[in-house]
Amino acid sequence: MTTARVAAVRATLRPLRADDLPAVLAIQRAAYGDGYQESAAVLARKLELAPQACWLAQSDGAAVGYVFAHPWDAAGAPPLHAPLQALPARAAHGFVHDLAVAPGARGLGVAAALFGRVRDWSAGA
C-alpha cells in the first residue's frame with residue numbers, strides 16, 4: 001500500500017514503535033529518494049528520546065505515513081543524518097524532524113492528521 005493509490009483512506013494514528021521502522025524507511029525512500037534517506041539508527045534515536053511525539057498513520061493495517069517530532073530549543077535545526085545525543089534541558093517548542101506520506105496516500109488528509117497530532121502534542125508539552 002505504500003506505493004499504490006489508496007482508495008478512500010481512513011487513516012488511524014497510533015504511537016510509532018521501533019518495529020515500525022522498516023515501514024517508515026520504505027515510505028521515506030518513496031517520498032524522498034535516496035538523497036535524504038536517514039538510517040534506522042538515526043530515527044530510532046529520535047523515537048527513543050521523544051516517543052510521545054512520533055506517530056504512524058495506518059490504513060487497513062498498512063503504514064501510509066509517519067511523523068517524527070521532538071522538543072527543541074532556539075539553537076537552530078538539528079542536523080540531518082546524525083543521531084541526537086540528547087534533548088535540550090529547556091525546550092522552547094516542538095520540532096517536526098520528518099513527516100512523510102506514502103505516494104498513494106497523498107492528498108487524502110494523512111499529512112494534515114499527522115501534523116495536527118504534533119500540534120496538539122506541542123501545545124500540551
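Glu48 and Arg45 sit three residues apart in helix α2, which is about one turn of the helix; helices (H or I, at least four residues) and strands (E, at least two) are DSSP runs numbered from the N terminus. The model is predicted, with local features needing pLDDT of at least 70 and side-chain atom pairs counting only at pLDDT 80 or more, while totals for chains, interfaces and linings use all residues. Residues are numbered from 1 along each chain as its sequence is written, and side-chain values use heavy atoms, with hydrogens and water left out.

Here is a friendly tour, topic by topic.

**Salt bridges**

- A search of the whole structure turns up four salt bridges, each defined as a side-chain nitrogen of Lys or Arg within 4 Å of a carboxyl oxygen of Asp or Glu.
- One of them joins the side chains of Glu48 and Arg45, at 3.0 Å from N to O.
- Glu48 is exposed, with a relative accessible area of 55%; buried means under 20%, exposed over 50%, and partly exposed in between (1.4 Å probe, protein chains only).
- Another salt bridge links the side chains of Asp34 and Arg29, at 2.6 Å from N to O.
- Asp34 is exposed at 57% relative accessibility, whereas Arg29 is partly exposed at 44%.
- Arg14 and Asp20 also meet through their side chains in a salt bridge, at 2.7 Å from N to O.
- Arg14 counts as buried because its relative accessible area is 16%, and Asp20 is buried at 6%.

**Around Gln58**

- Gln58 belongs to strand β2, residues 54–59.
- With 18% relative accessibility, Gln58 counts as buried.
- The side chain of Gln58 makes a polar contact with the side chain of Arg14 at 3.2 Å. Such a contact is a pair of N or O atoms within 3.5 Å; within protein, one must be able to donate a hydrogen and the other to accept it, and residues adjacent in sequence count only if both atoms are side-chain atoms.
- Setting aside neighbours within four places in sequence, Gln58 touches Arg10, Ala11, Thr12, Arg14, Ala63 and Val64, where contact means heavy atoms within 4.5 Å.

**Around His97**

- His97 is part of strand β4, residues 93–101, and is buried at 13% relative accessibility.
- Its side chain makes a polar contact with the side chain of Glu38 at 2.4 Å.
- Beyond neighbours within four places in sequence, the contacts of His97 include Leu43, Lys46, Phe68 and Leu80.

**Aromatic pair**

- The structure holds one aromatic pair, with rings of Phe, Tyr and Trp (its six-membered ring) pairing if their centres lie within 6.5 Å; planes under 30 degrees apart count as stacked, over 60 as edge-to-face and the rest as tilted.
- Tyr66 and Phe68 form this edge-to-face pair, at 5.7 Å centre to centre and 70° between the planes.
- Tyr66 and Phe68 are both buried.

**Loop residue with positive phi**

- Asp60 has a positive phi of about 50° although it is not a glycine.
- Asp60 lies in the loop between β2 and β3 (62–72) and is exposed, at 76% relative accessible area.
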